[in-house]
Structures are given as C-alpha cells and as structure tokens.
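Subject: Structure handover and what was found in it

Dear colleague,

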Amino acid sequence: MDYKSSLIQDGNPMENLEKQLICPICLEMFTKPVVILPCQHNLCRKCANDIFQAANPYWTNRSGSVSVSGGRFRCPSCRHEVIMDRHGVYGLQRNLLVENIIDIYKQECSSRPLQKGSHPMCKEHEDEKINIYCLTCEVPTCSMCKVFGAHQACEVAPLQSVFQGQKTELSNCISMLVAGNDRVQTIITQLEDSCRVTKENSRQVKEELSRKFDALYAILDEKKSELLQRITQEQEEKLSFIEALIQQYREQLDKSTKLVETAIQSLDEPGGAIFLLMRKRKSSLKKKIRKRKSPQRGRKKDTSKELEEGETLDMQRDWGGWGWAQLPP
C-alpha cells in the first residue's frame, strides 16, 4: 500500500489511515490475524475463510477431513483468482506490517481525547448519548428515553451488541454475494467454452457436408453426361431409320403418281382399239402374275407391287411403239 501519498493528499492523516485499514469484506478495521493474498490485497483471516468456505462448500479441513486438495476463490478487490493449497486460508502469509500499524493506530486513538460531538446525542435528551437500540421501533436511542421517554414499553438491547450482530450479518451477506459472483463467473466461463466447442463442431460438420455434396454433384454430372450421350445416340439412330422410310415412301409415291398419269392418259384415248388392246395386255399381265403367285399369304403385297410395275411398263411400251400419229382414225 502507498500510505505516504494518500496521507499527504488528505488533511487529516489519521482518518485517511483508518480508511486504508478497512477490510473490503466486513467494512471494519482489519481483525488480526491479517492475511495477504498473492495479488497483494489484505483481508481478515476470518473474512477470507468465510469467502473460501462459501466458494468451496465441500472443502473442510483442520480436522474436518473432507477434501485433501485445495480450493480457490476470487479476491473481492481485484477479482484475481486465488488458488489455495490443502491448508486453505491458513496457508496464506500473515501481514505483520499491517497488524503492527493497526496496533499503533489503536493506541493513538485511545490516547487522544474524545472530541465533543464525536458521539451522537439524543434529540429528546440533549445531554444523553445514544447507547441503546430499540428493537421494537428499530431505532437507536438513549437510556432516558427507555426510562422516562417514548420507548418505555419497547424492548431494547445494548447498542454495541446490535451493531456487532448487524455487522456480522452484513459481512455474511457480502461473503454470500462474493461466492455467488464466483459461481456465476464459473458458469460464464463454462458457457463460453461450450460456445467455442459448438462453433468448432458446427464448422467441422459444415465442411464434411460440403465434401459429401460436392462428391454427389460430381456423380450426378457424370450420370447426366452419360444419359445425354445415350439420348443423342438413340435420336440419331431413330432419325436415320425414319429418314430411310420417308425416302422409300417418296419413291413409291413417285411410281404411283406415274401410274395414275398413265391411267388418265388411257382414259383420254378416243380410239377403242388401242384402249382395248391395252386392256388385253393388262389382263394377260395379271394372269402371268397369278401363275407366279405363291400360295403363301405373306407374298400378297409383293404380287400387287409386281402387277403395278408390269402394267406401267406395258403401257409405256405400247404408247411408245404406237405413237399418236399411227393411231387409226
């Protein structure tokens, strides 16, 4: 502690020194023995033990023998984590310098004369000091108020005993709050660790899922290319077959058209002899085809085709041989 600088700044060195000797747990002057933490802050050993027991409820030693290993708690001044050995707070070093300063301060205060007005006085009895506490009204008062005043029927207690009791209760509450803060800090640390683990697991799962989907996309692309190639191949084969059929039907259509034209020309022939001669040739051609006709039904279409081709050839030969100029009148 830097007592010198704080004493110079304050006009009253004793009051400032008293502030430096206040325990942050019980808010009173340090009670011996005074222990010093690794962070260089001081505590009453009793207050330090209360905090330690609240932060480590299952740790008992000093012939309690529940836990062999040490525990931990946080400094109430700077929140630094203090790790204890198996001796607990009894393993902390005592700050003899602070204890000596406390002794000197108490001697100095006891040797100083009591200043007037340093002790609160009763409002009803101005010459009486407040030295008792009314438990019924929960207010400090003087002895005259209890004997002759408004608190005759009330229950009272010595002011110092009530003061010590409430101070102890407040110290216990502070210890519980500090221990609760330590537990909350531990929970926060665990939750932060859980967040980090969750993020890492999520990242790994995302990477694995991306790899699997990439492999699946590659398989689908390969299958797609294969199917498209097969469809294209079948399309070319079917188109070739259909185009060949179209060509055959066109050739047959041309032949049929020529036959129709020849028949129309025969209808327009005015001479009966030529028409009948052509009809006779047609009949003889049909007979020849019937003689060559197979008894199987499957050759019927081929015979009709031969008949049409024979008629066409005979008509063309007859018309080419006769000529229109040689026809009889």
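A salt bridge, as the word is used here, is a side-chain nitrogen of Lys or Arg within 4 Å of a carboxyl oxygen of Asp or Glu. Please bear in mind that this is a predicted model, in which local features need pLDDT of at least 70 and side-chain atom pairs count only at pLDDT 80 or more, whereas totals for chains, interfaces and linings use all residues. Residues are numbered from 1 along each chain as its sequence is written, and side-chain values use heavy atoms, with hydrogens and water left out.

Salt bridges

Side chains of opposite charge can pair when their charged atoms come close. Searching the whole structure gives nine salt bridges, and one of them joins Glu207 to Arg203, with 2.7 Å from N to O. These two residues are four apart in helix H6, so about one helical turn separates them; helices (H or I, at least four residues) and strands (E, at least two) are DSSP runs, numbered from the N terminus. Glu207 is partly exposed, with a relative accessible area of 36%, and Arg203 is partly exposed too, at 39%, where buried means under 20% relative accessible area, exposed over 50% and partly exposed in between (1.4 Å probe, protein chains only). Through shared partners, salt bridges join Glu200, Arg203 and Glu207 into one network.

Another salt bridge pairs Glu28 with Lys167, the closest N and O atoms being 3.8 Å apart. This pair links distant parts of the chain, since Glu28 sits in the loop between helix H2 (13–20) and strand E1 (34–36) and Lys167 in helix H6, 139 residues apart. Glu28 is partly exposed, with a relative accessible area of 26%.

Asp103 and Lys32 also form a salt bridge, with their closest N and O atoms 3.2 Å apart. Asp103 is partly exposed at 27% relative accessible area, as is Lys32 at 43%.

Aromatic pair and cysteines

The whole structure holds one aromatic pair, namely Phe213 and Tyr217, which are tilted, at 6.1 Å centre to centre and 55° between the planes. Rings of Phe, Tyr and Trp (its six-membered ring) pair if their centres lie within 6.5 Å, and planes under 30 degrees apart count as stacked, over 60 as edge-to-face and the rest as tilted. Both residues lie in helix H6 (residues 159–267), four residues apart.

There are zero disulfides in the structure, a disulfide being a pair of cysteine sulfur atoms within 2.5 Å. For Cys23, the nearest cysteine sulfur, that of Cys44, is 3.8 Å away, and Cys23 is buried, with a relative accessible area of 0%.
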